[in-house]
Amino acid sequence: MDVLELVSRDFEQLQVLRDDARGVLAFVAIHDTRCGPAFGGIRRWRYRNPADAAADALRLAEAMTWKCALAGIAGGGGKTVIAELPNTDRRAAYALVGRYVEEMGGRYYTGPDVGTEEADLALVAEHTRFVAAPGPAGPGNLAAPTALGVFAGLRAVAERLGFDGLAGVRVVVQGLGEVGGRLTERLCRAGAVVTVADVDRQAVERVRASCEVRVVDAGDVFDVEADVFAPCALGGVVHDLSLQSLKVRGIAGSANNVLASPEHGRALHERGVLYAPDFVINAGALVHGALFHLEGAAPAPERIERIGAEVGALLDEAVATGVPPAELALQKARERVAATGAELPFLPAGRARR
Ligand code: NAD
């Protein structure tokens, strides 16, 4: 679906931020804030063209709305995408995003995503209060709760594959960054047999320093015979070609938008592959960051570990009803937004009067 088709759906806002002299082109997408302020991180990535970058922001923002609804967070979906250009001034890009997020006055709270590091967030925090800032004033590293939630969800998948815990479960992890690295460490400690792949050798070596893992080339990740595939790199990895190769019985990882299309979710379901929907299993960062922002304190780990039970219940219902888990989750999320959301988009107090 292209960017025009996407915006013509139920999005509230797509803002373009640009500063041509400094190579800055960014998109802030707000999907649905009827349940509360939008939450969503900043992705910095090289895209084929601006339309692809805008479409990515929109798709990611929409997933955040459903993520909030299913995780019981009084918020909605947003996302910022910085389209990396050959001449992008990184500092100028994050500063501009920070200024705009502040201008939104609390309608949108942002944080990390792929390509955004702590130093970038610190820069954003110089310009806005509405960011998961690094350091003592902020909620802490959000990849840790994400990894904890994915770990709990992966365990729920393994249990439904007949395992008692994770000892001996063969897991293949794609992407060893902030989340994948932490997830791999947890899996190894729990006795799983882990195979890993990353396009970045340094990321592989970092993990190898603390865990006993088998390493395969990034291009071979779909050929690994395993119980569970944990996609922790980018989205769109379950597609026609990878479906032909995948030799796993479950999929549970942190990556957003794992399925190239809903049809791929149906194909997995028909094959009996248990797929833990991305916007359910990777909600750890959202739950941690949003509750820190909304309630002023980070939640206890048990609040994040609840994701395991949520994934398990969804998979059980999918098997019982014959509806693929991603479709079931989306249906539930839409129902919750319709039932609990206000009539109009969220506007922070003070903004509405301007
Ligand atoms: P990251 O940038 O720290 O790590 C991504 C890793 O994937 C990098 O090491 C990169 O080299 C690797 N990679 C990229 N392409 C690859 C490929 N084709 N094969 C193998 N490895 C590849 O990102 P992250 O914060 O760990 O996030 C990982 C995924 O989880 C992303 O899709 C992100 O949107 C999603 N996610 C992250 C969080 C979070 O809290 N960080 C929360 C929710 C969802």
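I began with the make-up of the shell around the ligand, and I noted that its residues divide into 12 nonpolar, seven polar and five charged. I keep in mind throughout that this is a predicted model.

Next I looked up which residues come nearest: of the 24 residues around the ligand, these are Thr146, Val179, Asp198, Ala233 and Ser254.

I then went through the polar side chains that face oxygen atoms of the ligand. For Asp198, I found a polar side-chain atom 2.7 Å from a ligand oxygen, and for Ser254 an N or O atom of the side chain lies 2.8 Å from an oxygen atom of the ligand. The side chain of Arg43 also has an N or O atom at 2.9 Å from a ligand oxygen. As for cover, the ligand on its own has 830 Å² of accessible area, of which the protein covers 83%. I recorded α5 (143-160) and α6 (178-189) as the elements that give two or more residues to this shell.

Last, I turned to helix α2, residues 50-71, whose 22 residues reach 31 Å from the first C-alpha to the last, close to the 32 Å expected at 1.5 Å a residue. At its start, I saw a side-chain oxygen of Asn49 reaching to within 3.2 Å of the backbone nitrogen of Ala51, while after the helix comes Gly72, with a positive phi near 75°. I counted α2 as largely enclosed by the rest of the structure, because 18 of its 22 residues are buried, with buried meaning under 20% relative accessible area.

Conventions:
Residues are numbered from 1 along each chain as its sequence is written. This is a predicted model: local features need pLDDT of at least 70, side-chain atom pairs count only at pLDDT 80 or more; totals for chains, interfaces and linings use all residues. Side-chain values use heavy atoms; hydrogens and water are left out. A residue is near a molecule or strand if one of its heavy atoms lies within 4 Å of it. A polar contact is a pair of N or O atoms within 3.5 Å; within protein, one must be able to donate a hydrogen and the other to accept it, and residues adjacent in sequence count only if both atoms are side-chain atoms. Accessible areas come from the Shrake-Rupley method with a 1.4 Å probe; for residues, only the protein chains shown count as cover. Helices (H or I, at least four residues) and strands (E, at least two) are DSSP runs, numbered from the N terminus. Ala, Val, Leu, Ile, Met, Phe, Trp, Tyr, Cys and Pro count as nonpolar, Asp, Glu, Lys and Arg as charged, and the others, Gly among them, as polar. The expected span of a helix is 1.5 Å times one less than its number of residues. Buried means under 20% relative accessible area, exposed over 50%, partly exposed in between (1.4 Å probe, protein chains only).
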